[in-house]
Amino acid sequence: MTDKELIQLFLESDNPDYAFNLIVNKYRERLYWHIRKMIISHDDTDDVLQNTFIKAWHALPEFRGESQLFTWLYRIATNESLTFLKKKRTKFFLPLVDVERQLSNSIEGDPHFNGDAIQKKLQKAILKLPEKQRVVFNMRYFDEMKYEDMSAILDTSVGALKASYHHAVQKIEKFMEE
Amino acid sequence: MEHRVTLNGELQHNPFVVPENYFGTFSIRKSVVLNSALKQNVFAAPKGYFDTLQAHIVEAVANAKRSSSVLRWQPLRAQLAFAASFALLIALGYGVFSFLRPAATATEKNYAGSFPSYLSQIIDEPVLIHAVANDSEHAITRLHPAVAAMDNDAIIRYLADADVSLNDIAATY
């Protein structure tokens with residue numbers, strides 16, 4: 001079923017729960033991995049993913065199809081992830097660099113991390129990027145998402161995204177050479 | 001005399017040079033971007049996580065729906081509590097006012113508008129009709145002081161309720 005059909009089913013049928021289940025079924029894994037690359041910890045990712053779908057449920061009745069369902073859900077997931085990291089910082093009065101360190105440490109001890117040493121180093125390099133640039137890098141590098149879709153999700157111009165990705169790659173390569 | 005440079009064939013040769021054996025040792029610099037092995041997903045989810053994820057999300061959304069319906073009452077709860085407090089205050093104020101007010105006389109208090117039930121047990125209707133028919137205030141007062149304080153409508157209503165015939169009542173009044 002296409003996204004348009006899913007939305008129509010949600011908005012017009014007597015059983016929106018059924019349509020919503022189909023939406024969850026279609027996007028749960030993609031959104032999980034998108035969030036996971038930002039949050040790193042599985043348990044925290046699970047919380048953020050639940051919140052993402054709860055927000056989507058509340059907002060779907062107002063969804064008028066100005067954007068694609070896919071970009072709309074990614075936007076909620078991205079915002080929820082950034083909000084989560086921000087809350088983590090403010091809750092423990094942590095500077096940005098300490099959050100990065102915490103996330104890096106959680107990679108070290110994460111039983112659900114399958115990467116080798118070089119992949120671990122890459123993840124640590126990514127964690128050194130500013131949060132928004134990290135999202136850009138992950139979307140482009142790992143998900144190979146089109147800049148146009150990223151632009152719709154992140155509400156940033158294609159040019160700015162390209163520049164951001166270029167800077168991210170440079171920083172990461174520099175870190176990898178060290 | 002002006003010397004003009006023309007783009008002749010001699011100027012067409014490449015003036016740049018590369019370090020010795022540059023092309024012999026050339027290789028593409030290792031780049032994160034070009035290393036596709038690094039692109040693979042290195043994170044894993046606990047075993048069976050995605051099998052139960054759907055159910056967990058549906059449950060979380062259902063819980064959120066329930067709590068949001070409770071939350072919808074949250075602002076009203078404050079207003080309702082305020083209204084209840086206000087009503088309680090009014091009731092208490094009225095109670096205090098009634099308590100402090102000088103006690104009303106028996107006649108004012110109870111008997112002006114209706115016929116008290118206890119009187120019906122001590123006054124027979126024919127006696128009441130007789131007293132009222134004679135229009136003797138003394139006779140009525142003698143029946144009971146409370147009856148004297150009552151208006152005629154209340155007495156008529158009482159008599160009608162007591163199944164005294166309307167003819168008798170009409171004859172009385």
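**The axes of helix 4 (residues 69–91) and helix 8 of chain A come within 8 Å of each other and cross at roughly 55 degrees.** This angle makes helix 4 of chain A oblique to helix 8 of chain A; angles under 35 degrees count as roughly parallel, over 145 as roughly antiparallel, 65 to 115 as roughly perpendicular, and the rest as oblique. The model is predicted: local features need pLDDT of at least 70 and side-chain atom pairs count only at pLDDT 80 or more, while totals for chains, interfaces and linings use all residues. Residues are numbered from 1 along each chain as its sequence is written, and chains are lettered from A and ligands numbered from 1 in the order in which they are written. Axes are lines fitted to C-alpha atoms, for helices over the stretch in contact, and angles run from 0 to 180 degrees between N-to-C directions. Helix 4 of chain A passes helix 8 of chain A in a right-handed crossing; a crossing is right-handed if the near helix is turned clockwise from the far one by less than a right angle, and left-handed if anticlockwise. Thr71(A), Tyr74(A), Arg75(A) and Thr78(A) of helix 4 of chain A meet Asp149(A), Ala152(A), Ile153(A) and Leu154(A) of helix 8 of chain A. Two residues are in contact if their C-beta atoms, placed from the backbone, lie within 7 Å.

**The buried residues of helix 8 of chain A are Met150(A), Ile153(A) and Leu154(A).** They cover an arc of only 80 degrees around the axis, which puts them on the same side of helix 8 of chain A; the arc is that of the directions from the helix axis to the C-beta atoms. A residue is buried if 20 or more other C-beta atoms lie within 10 Å of its own, exposed if 12 or fewer, and partly exposed in between, with C-beta atoms placed from the backbone. The cover over these buried residues includes helix 4, helix 7 and helix 9 of chain A.

**Asp155(A) lies in the loop between helix 8 and helix 9 of chain A.** Although not a glycine, Asp155(A) has a positive phi of about 55 degrees, and this residue comes just after helix 8 of chain A. Asp155(A) is exposed, with 10 other C-beta atoms within 10 Å.

**Helix 9 of chain A (residues 158–177) has buried and exposed residues on opposite sides.** At 1.5 Å a residue, its 20 residues should span 28 Å, and the 29 Å between its end C-alpha atoms agrees with this; the expected span is 1.5 Å times one less than the number of residues. Leu161(A), Ser164(A), Ala168(A) and Ile172(A) are the buried residues of helix 9 of chain A. They cover an arc of only 65 degrees around the axis, which puts them on the same side of helix 9 of chain A. An α-helix has 3.6 residues a turn, so residues three or four places apart point the same way. On the other side of helix 9 of chain A, Gly159(A), Ala163(A), His166(A), Gln170(A), Lys174(A) and Glu177(A) are exposed. Covering the buried residues of helix 9 of chain A are elements including helix 6 (117–127), helix 7 (131–142) and helix 8 (147–154) of chain A.

**Arg140(A) is found in helix 7 of chain A.** Arg140(A) is buried, with 20 other C-beta atoms within 10 Å. Not counting residues up to four places away in sequence, Arg140(A) touches Met145(A), Met150(A) and Tyr165(A). Arg140(A) and Leu161(A) are 21 residues apart in sequence and 9.5 Å apart in space, C-alpha to C-alpha.

**The axes of helix 2 (residues 16–39) and helix 3 (residues 42–59) of chain A come within 9 Å and cross at roughly 140 degrees.** That makes helix 2 of chain A oblique to helix 3 of chain A. The crossing of helix 2 of chain A past helix 3 of chain A is right-handed. On helix 2 of chain A, the residues that meet helix 3 of chain A include Phe20(A), Val24(A), Leu31(A) and Tyr32(A). Their partners on helix 3 of chain A are among a set that includes Val48(A), Leu49(A), Phe53(A) and Trp57(A).

**Asn21(B) lies in the segment before helix 1 (49–100) of chain B.** Phi of Asn21(B) is near 60 degrees, a positive value in a residue other than glycine. Asn21(B) is exposed, with 8 other C-beta atoms within 10 Å. Chain B has eight helices and zero strands, where helices (H or I, at least four residues) and strands (E, at least two) are DSSP runs numbered from the N terminus. Buried residues make up 9% of the 173 residues in chain B. In chain A there are nine helices and zero strands, and buried residues make up 31% of its 178 residues.
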